[in-house]
Amino acid sequence: AAYELGEFHYDGRRAPRDLNKALHWFEQASLKGHALAQHRLGTMFFRGEGVPASNVQAYILLKMSAVNGAEEALDTADRVSAQMRRDELEIAVQVLGQIFRNYLMDLQTVENPR
């Protein structure tokens, strides 16, 4: 539902476009692992729509989106990475690594409760 509300405010077809509200709802859906919301957020950060443009943030969100099932996010992530400086890409990869390490640790805790 949060993703749908984000799209409602983002597309501007049924109501005036409101990027702040769209951002809020996409973030809510993204935190729950919604791949399309993560893809939309990544695109918003890449374009600077309603947020300051950030290739690092865009790349991280797009890679998470791809992991969660949005295949088209890989192509978008490739376009973002082509415009990133080396240090930006290194930061993004480090953050992604930490996210996945935390995820794996959480999985181990669930599988092996003490």
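Trainee: How many salt bridges does the structure hold?

Mentor: The structure, which is a predicted model, holds 8 salt bridges.

Trainee: Which residue forms a salt bridge with arginine 40?

Mentor: Glutamate 7 is the partner of arginine 40, and the closest N and O atoms of the pair are 2.8 Å apart. The pair links distant parts of the chain, with arginine 40 in helix α3 and glutamate 7 in helix α1, 33 residues apart.

Trainee: Is glutamate 7 buried or exposed?

Mentor: Glutamate 7 counts as buried because its relative accessibility is 12%, under the 20% limit. Arginine 40 has 22% relative accessibility and therefore counts as partly exposed.

Trainee: What about glutamate 49, which side chain does it meet in a salt bridge?

Mentor: Glutamate 49 meets the side chain of arginine 47, with an N to O distance of 3.9 Å. Glutamate 49 has a relative accessible area of 15%, so this residue is buried. Arginine 47, by contrast, is exposed, as its relative accessible area is 54%.

Trainee: And glutamate 88, what is its partner?

Mentor: Glutamate 88 forms a salt bridge with arginine 85, and their closest N and O atoms are 3.6 Å apart. With a relative accessible area of 15%, glutamate 88 is buried.

Trainee: Changing topic, what does the secondary structure of the chain come to?

Mentor: The chain has 6 helices and 0 strands, so that line of description is brief: read along the sequence, the pattern is α-α-α-α-α-α.

Trainee: What does the C-alpha trace span along its principal axes?

Mentor: The C-alpha trace spans about 50 × 35 × 20 Å. The chain has 114 residues, and buried residues make up 37% of them.

Trainee: Among contacts between residues at least 6 apart in sequence, what share joins residues at least 24 apart?

Mentor: That share is 46%.

Trainee: Let us go to helix α1. Which of its residues are buried?

Mentor: The buried residues in α1 are Ala2, Tyr3, Gly6, Glu7, His9 and Tyr10.

Trainee: What do they pack against?

Mentor: The buried residues of α1 pack against α2 and α3. Just after α1, glycine 12 takes a positive phi of about 70 degrees.

Trainee: Take tyrosine 3, then. What does it touch?

Mentor: Not counting residues up to four places away in sequence, tyrosine 3 touches Trp25, Phe26, Ala29, His34, Leu36 and Ala37. Tyrosine 3 is buried, with a relative accessible area of 14%.

Trainee: How far apart are tyrosine 3 and tryptophan 25?

Mentor: They are 22 residues apart in sequence and 6.1 Å apart in space, C-alpha to C-alpha.

Trainee: And histidine 9, with what is it in contact?

Mentor: Leaving aside neighbours within four places in sequence, histidine 9 is in contact with Pro16, Arg17, Asp18, Lys21, Ala22 and Trp25. Histidine 9 lies in helix α1 and is buried, at a relative accessible area of 12%.

Trainee: Now the largest nonpolar core. Which of its members touch the most other members?

Mentor: The core has 28 residues, and those touching the most other members are Phe26, Tyr59, Ile60, Val80, Met84 and Ala92. At least two residues of this core come from each of α1 (2-11), α2 (19-31), α3 (35-47), α4 (55-67), α5 (72-82) and α6.

Trainee: Which helix gives the most?

Mentor: Helix α4 gives the most to this core, with 8 residues. As general background, nonpolar side chains tend to be buried together in soluble globular proteins.

Trainee: What is isoleucine 60 in contact with?

Mentor: Setting aside neighbours within four places in sequence, isoleucine 60 is in contact with Ala92, Val95, Leu96 and Ile99.

Trainee: Finally, the surface. Which residues make the nonpolar patch?

Mentor: Tyr103, Leu104 and Leu107 make a nonpolar surface patch of about 290 Å². Leucine 107 is in helix α6, residues 86-111, and counts as partly exposed because its relative accessibility is 32%.

Terms used
Residues are numbered from 1 along each chain as its sequence is written. This is a predicted model: local features need pLDDT of at least 70, side-chain atom pairs count only at pLDDT 80 or more; totals for chains, interfaces and linings use all residues. Side-chain values use heavy atoms; hydrogens and water are left out. Patches are made of residues with over 30% relative accessible area and no salt bridge: like charges are joined within 9 Å, nonpolar side chains (Val, Leu, Ile, Met, Phe, Trp, Tyr) within 5 Å. Accessible areas come from the Shrake-Rupley method with a 1.4 Å probe; for residues, only the protein chains shown count as cover. A salt bridge is a side-chain nitrogen of Lys or Arg within 4 Å of a carboxyl oxygen of Asp or Glu. Helices (H or I, at least four residues) and strands (E, at least two) are DSSP runs, numbered from the N terminus. Buried means under 20% relative accessible area, exposed over 50%, partly exposed in between (1.4 Å probe, protein chains only). A nonpolar core is a set of buried Ala, Val, Leu, Ile, Met, Phe, Trp, Tyr and Cys residues joined through side-chain atoms within 4.5 Å. Contact means heavy atoms within 4.5 Å.
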